[in-house]
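Please keep the sequence and the 3D view at hand while reading.

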Amino acid sequence: MVSSWHLTQLPGIMTKEKEENREYPMQIDNRVPTASLLTDYLRKLFPYTDMFKWLAYGNDGKHPGCDSSFFGRREFSFTIKSDRDEVYLCFQSFFSASQMETSIKSKCPTKIDIGAVYTVHPAKRHAYAQSGFNPIEGELVFDTDISDYDDVRYCCSGADTCLNCWPLMTISIEVINTALREDFGFSHILWVYSGRRGVHCWVCDSRARRLSKEQRSAVADYFHVYKGGENSLKKVTFSGPLHPFLARAYTDVLKNEFEKWVSTQKLFEHEERCCF
């Protein structure tokens, strides 16, 4: 599964469109931020060494028995924006942290997508038959957006968030994180702000990275309780005893949080917000 870091959403960095539509531009040290801050970030602050160490999983060429080709078979994709167009560079790959650093600094991408590890080096894919170039592993990634909850929040919508509705992301993290650890036995879990409207969960256990497409879908379906269609007033319906996963989520997290939600969203003060 591919996930990404939206570098245009770093503090103080905004796209041209956002700058034009923002009534009060965010300021840092009394300066309106510009895209040049992205260049400064990539040159001085981007964690190249840590990224390499994480995504290599010990296959750094320094330890006996490690797979020195592992990191080089990982695909990266860059989105590069200019004043006139946007270029998407896929199948980027690197043999070392320094090579990755050099490429990112020179291309200055506004978004970096992290892809799977393939059977062969992505840059050499054309030298192999189609059956010889396949993904063999990749992190199990969950992407949760605040806009997914637009039908139960009334303070904001779309990518807009505030202190009243952002706790939905905290609730989502608590429920999913507990299930991943207790129900599936995963332990190497990384939660990060997506850069726009939500959070990404990276499950990095070796067992999770080697899941098949069908197995990944099964894990995702385990969390799927939203059944209602676009024209359905009632989006979630439960019958019979709750599954232990749902019962735990209710008693440990949702029950207490709902009491706060009633107040912050004023659910019972407007008839249209009461669903039965």
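Helices (H or I, at least four residues) and strands (E, at least two) are DSSP runs, numbered from the N terminus. The model is predicted: local features need pLDDT of at least 70, side-chain atom pairs count only at pLDDT 80 or more, and totals for chains, interfaces and linings use all residues. Residues are numbered from 1 along each chain as its sequence is written, and side-chain values use heavy atoms, with hydrogens and water left out.

**Backbone angles**

- Most residues other than glycine have a negative phi.
- Tyr57, which is not a glycine, has a positive phi of about 50 degrees. Tyr57 sits in the loop between α3 (48-56) and β2.
- With 23% relative accessibility, Tyr57 is partly exposed (buried means under 20% relative accessible area, exposed over 50%, partly exposed in between, with a 1.4 Å probe and protein chains only).
- Cys108 is another residue other than glycine with a positive phi, near 50 degrees. The loop between α4 (97-107) and β4 holds Cys108.

- Two strands count as paired if DSSP finds at least two bridges between them.
- β2 (residues 74-81) pairs with β4 in the antiparallel sense over 5 bridges. Ser77 has Asp113 in β4 as its bridge partner.
- β4 also runs antiparallel to β5 (residues 135-137), joined by 2 bridges. Here Val117 has Glu137 in β5 as its bridge partner.
- β4 (residues 111-118) is mostly covered, with 7 of its 8 residues buried.

**The β6-β8-β7 sheet**

- An open sheet of 3 strands has the order β6-β8-β7, and its pairing is antiparallel.
- β6 (140-145) and β7 (189-193) are the edge strands, each pairing on one side only.
- The twist averages 15 degrees from one strand to the next (axes are lines fitted to C-alpha atoms, for helices over the stretch in contact, and angles run from 0 to 180 degrees between N-to-C directions).
- β6 and β8 (residues 198-203) are antiparallel and joined by 6 bridges. Thr144 stands opposite Val199 in β8.

**Cysteines**

- The structure holds 0 disulfides (a disulfide is a pair of cysteine sulfur atoms within 2.5 Å).
- Cys162 is in no disulfide, and its nearest cysteine sulfur, that of Cys155, is 3.5 Å away. Cys162 is partly exposed, at a relative accessible area of 26%.
- Cys201 is also in no disulfide; the nearest cysteine sulfur is that of Cys204, 8.4 Å away. Cys201 is buried, at 0% relative accessibility.
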